[in-house]
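Here is a short briefing on one protein model. Look it over first, then read the points below.

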Amino acid sequence: MDAAAASRSRFFLYMTVVFLVIAVAGFSTTFFVPLAHGNFSAPAVIHVHGILLFGWLAFLILQSALIQGRQFTLHRQLGVAGGGLCAAIVTSGVLVGLHATRRDLASGANDFVLGQFVNILIEMILFGTMVAAAIAVRRDRESHKRLLMLATISALAPAWLRLRHLLPGVPNPFVTFSLLADSLLLLVMARDWNALKRIHPVYLWVGSAMVGVHVIELLAIRSALWITTARWLLGEPAG
């Protein structure tokens, strides 16, 4: 690995740490602080999903550190675990979505939670697809790590949305924090341009598609199509 490649590795290592900081900050008021005070109570599936997501972030930090330390063989060997971790996150994420949606509907929530359930399913599919693509092209290191970067940026949206508890004055938090979550794409693209004088096609095409999906989710969350789809998936009667 030459000096330029080592520099690139450090950037991705730093970004994985940034991801962890965002996740900790986002879930501080709804998970870590209540947990520390003994006030957090939730079904086991929520605990498992949280452990898996933070495990994913720790896994990325470890894998990036191994590349930085030139431990390429160990990096490849541990990479197998990434696929299993991704599958577990997707499965538990869908189960958490089911639990939260049914809980909120039972408490009298409006149709927004139905649209949100469809968004959760889309996000899990999006995350799993990008991780699967990263595994498929793992021999192309530049594409591989950028696909993992995008998958994680997408998966961090719930942490960004929970920052509304720390920043209650932010207007229209659902839209604002969703846009801020995707703004990380601009950061990694700017880094590409600064270091390589070009933006990698993964960021241009896959990243743009990711943002496009998120925009559709924002616009469609209250739509009849989303609500009808959610009712069908949940086995709920048509409204």
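Arginine 191 has a relative accessible area of 11%, so it counts as buried. This is a predicted model. Arginine 191 pairs with aspartate 192 in a salt bridge, with the closest N and O atoms 3.6 Å apart.

- The structure has six salt bridges.
- Side chains of opposite charge can pair when their charged atoms come close.
- Arginine 146 meets aspartate 192 in a salt bridge, at 2.7 Å from N to O.
- Arginine 146 sits in helix α6 and aspartate 192 in helix α9 (residues 184-196), so this pair ties together parts that lie 46 residues apart in sequence.
- Both partners, arginine 146 and aspartate 192, are buried.
- The relative accessibility of arginine 146 is 0%, and that of aspartate 192 is 1%.
- Arginine 146 also forms a salt bridge with glutamate 142, again with an N to O distance of 2.7 Å.
- Arginine 146 and glutamate 142 are four residues apart in helix α6 (residues 141-155), so about one helical turn separates them.
- Glutamate 142 has a relative accessibility of 22%, so it counts as partly exposed; the cut-off for buried is under 20%.

**Helix α4**

- Helix α4 covers residues 72-106, which makes 35 residues.
- From first C-alpha to last, α4 reaches 50 Å, close to the 51 Å expected at 1.5 Å a residue.
- α4 carries a kink of about 25°, centred on valine 80.
- Buried residues of α4 include His75, Gly82, Leu85, Cys86, Ile89 and Ser92.
- Further along α4, Gly93, Val96, Gly97, Leu98, Ala100 and Thr101 are buried too.
- Glycine 108 follows α4 and has a positive phi, near 95°.

**Helix α2**

- Helix α2 spans residues 28-36.
- Its buried residues are Ser28, Phe31 and Pro34.
- Just after α2 comes glycine 38, with a positive phi of about 75°.

Definitions and conventions
Residues are numbered from 1 along each chain as its sequence is written. This is a predicted model: local features need pLDDT of at least 70, side-chain atom pairs count only at pLDDT 80 or more; totals for chains, interfaces and linings use all residues. Side-chain values use heavy atoms; hydrogens and water are left out. Buried means under 20% relative accessible area, exposed over 50%, partly exposed in between (1.4 Å probe, protein chains only). Helices (H or I, at least four residues) and strands (E, at least two) are DSSP runs, numbered from the N terminus. A salt bridge is a side-chain nitrogen of Lys or Arg within 4 Å of a carboxyl oxygen of Asp or Glu. The expected span of a helix is 1.5 Å times one less than its number of residues. The bend at a residue is the angle between axes fitted to the seven residues ending there and the seven starting there.
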